[in-house]
Amino acid sequence: MIATITEFLISGALIIFAISLVIVLFRLIKGPTTADRVVAFDAMSAILMSTVGVLSLLFKTFSFLDSVVLIAIISFLSSVTISRFIEGGNVFNGNNKRNH
């Protein structure tokens, strides 16, 4: 009984994640500004992490959770990089003078 309900809810969650991924992908492609695309990319990575977590529950394994951490790190770094590019036009500041 509990297993049937759990599988039904997991299947429903995967369907909802698929629908929301399509909507966010549309915003990623169509977004009028670069900031909209960055937000859509962040949302898409969050949906992807949630999908991998639910699949980890479905397959009853913890091995997928390492990929969730990897997706989170890549998403964070790319968001910071794109945001810095939007803000000033350059990602790396070559004018830093370090005190040695």
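## Overall make-up

The secondary structure of the protein comes to three helices and zero strands, where helices (H or I, at least four residues) and strands (E, at least two) are DSSP runs numbered from the N terminus. From the N terminus on, the order of elements is α-α-α. This is a predicted model, in which local features need pLDDT of at least 70 and side-chain atom pairs count only at pLDDT 80 or more, while totals for chains, interfaces and linings use all residues. Residues are numbered from 1 along each chain as its sequence is written, and side-chain values use heavy atoms, with hydrogens and water left out.

## Confidence

The average pLDDT (the predictor's confidence in each residue, from 0 to 100) is 88 for the protein, and 89% of the residues score at least 70. Where pLDDT is low, the predicted coordinates should not be read in detail.

## Surface and contacts

Of the 100 residues of the protein, 17% count as buried; buried means under 20% relative accessible area, exposed over 50%, and partly exposed in between (1.4 Å probe, protein chains only). The protein exposes about 7700 Å², of which carbon and sulfur atoms supply 72%. Accessible areas come from the Shrake-Rupley method with a 1.4 Å probe, and for residues only the protein chains shown count as cover.

Contact means heavy atoms within 4.5 Å. Among contacts between residues at least 6 apart in sequence, 42% join residues at least 24 apart.

## Helix α2

Helix α2 covers residues 34-58, 25 residues in total, and reaches 36 Å from its first C-alpha to its last. That is close to the 36 Å expected at 1.5 Å a residue, the expected span being 1.5 Å times one less than the number of residues. The buried residues of α2 are V38, A40, M44, S45, I47, T51, V52, V54 and S56. They pack against α1 (2-30) and α3 (65-88). K60 follows α2 and has a positive phi, near 55°.

V54 lies in helix α2 and is buried, with a relative accessible area of 13%. Leaving aside neighbours within four places in sequence, V54 is in contact with I10, L14 and F17. V54 and A13 are 41 residues apart in sequence, yet 7.8 Å apart in space, C-alpha to C-alpha.

S56 is also placed in helix α2. S56 has a relative accessible area of 5% and is therefore buried. With neighbours within four places in sequence again left out, S56 is in contact with T61, F62, F64 and L65.

## An aromatic pair

A search of the whole structure finds one aromatic pair. The ring centres of F59 and F64 are 6.0 Å apart and their planes stand at 70°, so the pair is edge-to-face. Rings of Phe, Tyr and Trp (its six-membered ring) pair if their centres lie within 6.5 Å; planes under 30 degrees apart count as stacked, over 60 as edge-to-face and the rest as tilted. F59 counts as exposed at 52% relative accessibility, whereas F64, at 31%, counts as partly exposed.

## Database annotation

In an unreviewed entry, UniProt places the feature "transmembrane region" at residues 6-26, 38-58 and 64-86. UniProt positions are given in the numbering used here, feature names are shortened, and annotations may be inferred rather than shown by experiment. In the model, residues 38-58 are 100% helix and 0% strand, with end C-alpha atoms 30 Å apart. Residues 64-86 are 96% helix and 0% strand, and their end C-alpha atoms lie 33 Å apart.
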